[in-house]
Amino acid sequence: MELTLWTYEGPPHVGAMRIASSMKDIHYVLHAPQGDTYADLLFTMIERRGQRPPVTYTTFQARDLGGDTAELVKKNIKEAVERFKPKTLLVGESCTAELIQDQPGSLAKGMGFNMPIVNLELPAYSKKENWGASETFYQLTRTLLKEKVSYSEKISPLRWKEFGRRPKVNILGPSLLGFRCRDDVIEIQRILSEQGIDTNVVAPLGASPDDIERLIDAEINICLYPEIAEASCEWLKRNYGMEYTNTIPIGIKNTIEFINEVHEKLDLPLTNKKELENKSKLPWYSKSVDSNYLTGKRVFIFGDGTHAIAAAKIAKEELGFEVVGLGTYSREMARQVRATAKDLNLEALITNNYLEVEDAIKKAAPELVLGTQMERHSAKRLGIPCSVISTPMHVQDVPARYSPQMGWEGANVIFDDWVHPLMMGLEEHLIDMFKHDFEFVDGHQSHLGNTATNTKDILNSDEKKEKNSKEGIIWTESGRAELTKVPFFVRGKVKTNTEKYAILRGIPEISDETLYDAKAYFS
Amino acid sequence: MSKVEFNKETGPREVFCGLTSIVWLHRRMPDAFFLVVGSRTCAHLIQSAAGVMIFAEPRFGTAILEEKDLAGLADAHEELDRVVNDLIARRPEIKTLFLVGSCPSEVIKLDLATVAEKLNKRFLGQVRFVNYSGSGIETTFTQGEDGALKALIPLMESSDEEKLLLVGTLANNVEDRFKKIFRNLGISNIESFPPRQSTELPKIGKNTKVLLTQPYLSDTVRDLKHRGCDIISAPFPLGIEGSTEWFLAAAKAFKISEVKVHEIISPLINRAKLALESHKEILKGKRLFLLPESQLEISLARFLHNECEMDLIEVGTPYLNKDLMKEEINLLPENTKIVEGQHVEKQLDRVRESNPDLVVCGMGLANPLEAEGISTKWSIEMVFSPIHGIDQAADLAGLFSKPLKRNQILTSKTLVTH
């Protein structure tokens, strides 16, 4: 038994829902009690989907348990098939149904439908959401393509040359509730198309069962999100000989390496190698003098395996940060994350407990946190800027604008998203240089925000207290004047310290001199 | 009882389970912790329904059952013991710990009552343990509160002191308003259940007069009756009419004259009517379809028809206790169609056929209906907003007028672009 206050991943059947909802002409009958219908809101509220997930919940109740829950399952399957007329049916169970062992998949297969039925067995008490998504996509691919295996020759990545056409690839792994998948797909298709490579099928996002059957028309698979697609890619490799890519095109170096890998696999000459360096603004923005202040910024990284590893590489090699912590909640990716951490002389944090992550952040004392929405909240509590790089999804992670993480535009987005929370370089420099200037004092809020206190608030609150502090200490005119000259972001502290000092020394009136006495005393 | 049409429907449902009520219960009792004994699904449900991330550490959590716990029950008890020990060591300020049963814990027949009893002995004088079920195989949404309150009743001491007991979670500011009004009426001994501190449970007995603030407390009411309490029969304090009848019923039980009640609440009614006007203008004549979820649907339908002049197409409710809802049903217009239970697909067919102006539904259904051009109001907002009482009548109406108003704004052309 594990005490969980908040979890990075949902149960495995939510992963199955992600696959079903991403696709067309599929329906998922889920043997589950009524409360499990909450999962619909993940899609309709977080992703703002205008359609309900294609899921029928059997919603069995306690009173059904004494009777025949199997009949209830069959009734729901029948109604769902009649109503939604899917081309492929997924059948599975959530945690509670797993315990009553009705075997809904077998029941469905015995009902005489002539559509493919995928029996999903997703162990809810040992596995989690991403595993469930991966397993569902794998089982679906396998079910729809296994019949054809024996008739098929191994697929050569070079066969496009014989066919006399442009090479074709599949983009596998993007799904609903995946981090920025919607835009990554557009970006990657654009990059491939520029290189003379056509996209055969994108799946599961937007694909139908027919598209899954067409996967074998492509030469190779792009495994864009290994958490979801690696098992399917591996099966297609074993059974059809289809090669798949290993590089995740997040960041400039990885995007270039990805393009190289695709070209090598397809034996397609890469003609515009030099141009690639200039496709994104990130390299120049990172090189420009303003970015000097980014050097050695301490950054803590936590997220899903893919995004955490990519973030570490970009942080260190492309932005010149110092990575002071790296971790993931994806146990399936633990090995790779550990290896990356080792290269950085760190020990990877592999945990599903956000409190452990928060403690690790505290200990590492970073200047920037790259994490999930939970780390954003932890960082907020600790007063550290943060940018979100990974699922679990939040409504904020589905922006209206085009906002990929992958490819050239992804690198641009990452530069902006990671750098803006830090204080802008020149501005930080100027604040430091001019902080003692009288003109500088008012209205210049720090981007860091957390230490800033507005002058107006302090002065207004003073007026309310008739210029006196709550302990009855009087601020003289010279004292007040001097206080306004203190930079806004430390003014609150100076005021408190001066009053504290005055109380300590029994000084009834604070003048400009008292301010300086206090400053000397506390320094 | 007016001629109301009662229907029952069974089939796939689209509703929250009782665990969801932890979201407001834990806020009501800041010294209590709610520990769900369940699965990752339970944990995921609660965090999806509540903005868990905003808490440094929320006062609710899930002891997630793992494969090894399912192998043998003795193990599960020991494991739960360990989790509870860790939790109490970490959160020493917790005074009451609710062990909340879930679908999986009910199915494997994990005996939380026995666990609670053992823990009560061990932590005597430090933490109290109570258990109830919020499982989706037994409870829908607000019924979780019913279970939690029922579980507290055995801990309530007996007293024959005459008092008014308000039962059902209220927003603190609404509760304060109600108490002030009752004091003005001359009722001085007023308590609330659940209380603001889990350790300050009211004493109850034969001179306790129970006034329900929420319509979903069937089991709690039954147990309070067993303890000798009088249940005041009244509609629920939603809207001016419901609240007025509610105050009158309480006053009658305390032998306070109607004249006195009117004298005190008339100014409130007058200003509430004024505040209601602008909303009524928008809602009047609009057709309303309520899908089942919170059990507040009947009271809401009564308010929206009688005071806001909306037309009722269908009033869904997950569960109907005709006895408890008697006074409400009496106030409904003739031929109101009440549907208990749900077949979500058939019900959505009826929604589309009837082309309503506004649908009250759960969050999973709202955006899909909006995408079809049907305005919606999420039912979960009713349990998170202060909507009770005369002073809140306009705010309550506002929850329904806002989506319609917004729709109007977004479809109107008021500015000419040059």
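Leaving aside residues up to four places away in sequence, Phe300(A) is in contact with Val324(A), Gly325(A), Ile361(A), Ala364(A), Pro366(A) and Val369(A). The model is predicted. This briefing covers the setting of Phe300(A) and then the contact between chain A and chain B.

**Setting of Phe300(A)**

- Phe300(A) belongs to strand E10 of chain A, which comprises residues 298–303.
- The residue counts as buried because 29 C-beta neighbours lie inside 10 Å of Phe300(A), where 20 or more are required.
- Gly325(A), one of the residues that Phe300(A) touches, is 25 residues away along the chain, yet the two C-alpha atoms are separated by 4.5 Å.

**Composition of the contact between the chains**

- Chain A contributes 48 residues to the contact, and chain B contributes 53 residues.
- On the side of chain B that touches chain A, at least two residues come from each of the helices H2 (40–49), H3 (67–71), H4 (73–90), H5 (103–107) and H15 (363–371), and also from strand E3 (60–64).
- H2(B) provides the largest share of this side of chain B, with eight residues.
- By residue class, the side of chain B that touches chain A consists of 30 nonpolar, twelve charged and eleven polar residues.

**Strand pairing across the chains**

- Strand E1 of chain A (residues 2–4) and E3(B) run antiparallel and are joined by three bridges.
- Within this pairing, Glu2(A) has Ile64(B) of E3(B) as its bridge partner.
- E3(B) is also among the elements that supply at least two residues of the side of chain B touching chain A.

Methods
Residues are numbered from 1 along each chain as its sequence is written. Chains are lettered from A and ligands numbered from 1 in the order in which they are written. This is a predicted model: local features need pLDDT of at least 70, side-chain atom pairs count only at pLDDT 80 or more; totals for chains, interfaces and linings use all residues. Two residues are in contact if their C-beta atoms, placed from the backbone, lie within 7 Å. Helices (H or I, at least four residues) and strands (E, at least two) are DSSP runs, numbered from the N terminus. Ala, Val, Leu, Ile, Met, Phe, Trp, Tyr, Cys and Pro count as nonpolar, Asp, Glu, Lys and Arg as charged, and the others, Gly among them, as polar. Two strands pair if DSSP finds at least two bridges between them. A residue is buried if 20 or more other C-beta atoms lie within 10 Å of its own, exposed if 12 or fewer, and partly exposed in between; C-beta atoms are placed from the backbone.
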